[in-house]
Amino acid sequence: MEVCYQLPVLPLDRPVPKHVLSRRGAISFSSSSSLFGAPDPRQLSQRRGAISYDSSDQTALYIRMLARLGCGSASVSSAPERRVRRLLSFQRYLHSSRLLRGIPQQIPLHILDEDYTGQARCMLEKVDNWNFDIFLFDRLTNGNSLITLTFHLLNQYGLVELFQLDMVKLWRFLVMIQEDYHSSNPYHNAIHAADVTQAMYCYMREPKLAKSLTSRDILLGLLAAATHDLDHPGVNQAFLIKADHYLATLYRHTSVLENHHWKSAVGLLRETGLFSHLPADDGLSMERELGSLILATDISRQNQYLTRFRTYLEQENLCLTNANHRHFVLQMALKCADICNPCRPWELSKKWSEKVTQEFFQQGDNEKKHKLEVSPLCDRETNTVSKIQIGFMSYVAEPLFAEWARFSDTRLSQTMLGHMGLNKASWGAIQQEQTSVSEEAEPNSNGIGADEAAAQRDDNNSTTAGGTSSKEIPQGSRES
């Protein structure tokens, strides 16, 4: 079937960028840049068919696109246009500047076939499974896991119809969310956001929450999970403060990143007008509650939330018919979803652990490069993945998930604690093996021959009980 496109009428003397005339494919109404290989979906004419923009929206989008590309005289740019530009995230501003410098984006054009989309649909049928492989799902959706997953969950709950969300605005909002995550970040990227959204969905399906949460709670929970790390720069708050970054100054060194994620999400809500049909007070209230959920993910405030959670559980006065109590439980659920990687099966958990450590070490390299004090856990010369993970599980993850299991003592909670115990044991075995290897290397570096070092090791092993070594190769199914 031939797909028709409608472009706004432009003056004949106005050059039309080549990519505007690019053919966009006909597999979906997604405008994700990674799917169609375009520099920016909003710089392309919107596809007609299942969903279309009316002519006024199309013209407005195209005019804005021309302004960002710098078509026409620079002197024509007005103050309102400059204000609009400041609303854009740094990620999209960077895309725009690449175009201005004439640097093409190296994104291949991929078209999903029926086999792949069919597999993705099959995975979505099991989206409530704790073993859900978000990396595989991201490949099957060609890098659009966050868009596809969030859209599916909103539809599954019937929230699109219930809140009368405009389909075009919703899809554009989700595309812009995914774009504003930095794909260059090893960890804090759109795949992490999709993983947190899937975990949040699992928690909201737990019996205590499923029978208590309102549709508004569920909508805010899913949107908060999808946007909780929006426009994350790939460095932590300490780095921004040391580097005297403008965000640190703007938010007065308090929950700098979380405030930025929240404000970025609000900016996209207003830019797309997703809640514009709601009463003004309702829209503002939802923005504030969204911010309260995202701000709860600040790891530096972990003890504050954990102490309050323990108090509720010990006094047994957590009442989920109370809107404030439900909101607090949603905050705790999002906190758990944000750091649930240690509770996933070994293969998934290990992959996430390596990615977050890679991001830590990149920050440490940048700090050394700029002669800043290296943040804890960010020095690749003194830290290992196993050391970081064992510490994180012991002091952050285990206390949080132990309290969550007290609140929701279900099969899922026990599964998460079981995975975390096995994963911690596996990292412990890896650390022990790495320590042994480094100890073996020390005698050799001191001039002792390899045979002599081996003889010393054999002597030491013979003095242990049973004469056997306690080292084992770590496996995901290993007993703790």
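Predicted model: local features only at pLDDT ≥ 70, side-chain atom pairs only at ≥ 80, totals over all residues.
**Overall fold and confidence**

The protein has 480 residues, and 48% of them count as buried. Its secondary structure consists of 22 helices and zero strands. Among contacts with a separation of 6 or more, 73% join residues 24 or more positions apart.

The average pLDDT of the protein is 79, and 68% of the residues reach at least 70. Residues 1-14 stay under 50 in pLDDT, and the model gives this stretch 26 contacts beyond four places in sequence. The pLDDT is also below 50 over residues 97-112, a stretch with 28 contacts in the model beyond near neighbours in sequence.

**Nonpolar cores**

In soluble globular proteins, nonpolar side chains tend to be buried together. In this model the largest nonpolar core has 99 residues. The residues with the most contacts inside that core are W130, Y203, F275, F401, W404 and F407. Helix α10, residues 190-204, supplies the largest share of the core, with 10 residues.

Apart from neighbours within four places in sequence, F401 is in contact with Y203, C336, I339, C340, C343, M416, L417 and M420. A second, separate core has eight residues, including V235, F239, L240 and L247.

Q302 lies in helix α17, which covers residues 302-315. Its relative accessibility is 6%, and because buried means under 20%, Q302 counts as buried. Where does the side chain of Q302 make a polar contact? The partner is the side chain of K335, at 3.0 Å. Leaving aside neighbours within four places in sequence, Q302 is in contact with K335, I339, V396 and L400. I339 is also on the contact list of F401.

**The largest pocket**

The largest pocket has a volume of about 1,000 Å³. Its lining is made up of 37 residues, and those nearest the pocket centre are H188, N236, I299, F360 and F392. Helices α13 (237-242), α15 (256-272), α19 (346-369) and α20 (385-407) each give two or more residues to the lining.

**Loop residues**

| Residue | Relative accessible area | Class |
|---|---|---|
| R252 | 71% | exposed |
| H253 | 42% | partly exposed |
| Q164 | 62% | exposed |

R252 is placed in the loop between α14 (246-250) and α15. H253 is likewise in the loop between α14 and α15. R252 has a positive phi of about 55 degrees although it is not a glycine. For H253, also not a glycine, phi is positive at about 60 degrees.

Q164 is in the loop between α8 (159-162) and α9 (167-180). What does Q164 touch, not counting residues up to four places away in sequence? The residues are L159 and H277. Q164 and H277 are 113 residues apart along the chain, and their C-alpha atoms are separated by 8.4 Å.

How values were computed:
Residues numbered from 1 in each chain as written. Heavy atoms only, no water. pLDDT = per-residue confidence, 0-100. Contact = heavy atoms within 4.5 Å. Core = buried A, V, L, I, M, F, W, Y, C linked by side-chain atoms within 4.5 Å. Buried < 20%, exposed > 50% of the residue type's maximum accessible area, 1.4 Å probe, protein only. Helix = DSSP H or I, 4+ residues; strand = E, 2+ residues; numbered from the N terminus. Polar contact = N/O pair within 3.5 Å; in protein donor to acceptor, adjacent residues only side chain to side chain. 1 Å grid on protein atoms, 1.4 Å probe; cavity = no way out; pocket = protein on both sides within 12 Å on 5 of 7 lines; lining within 4 Å. Points joined across faces, edges and corners; volume = space filled by probe spheres on them.
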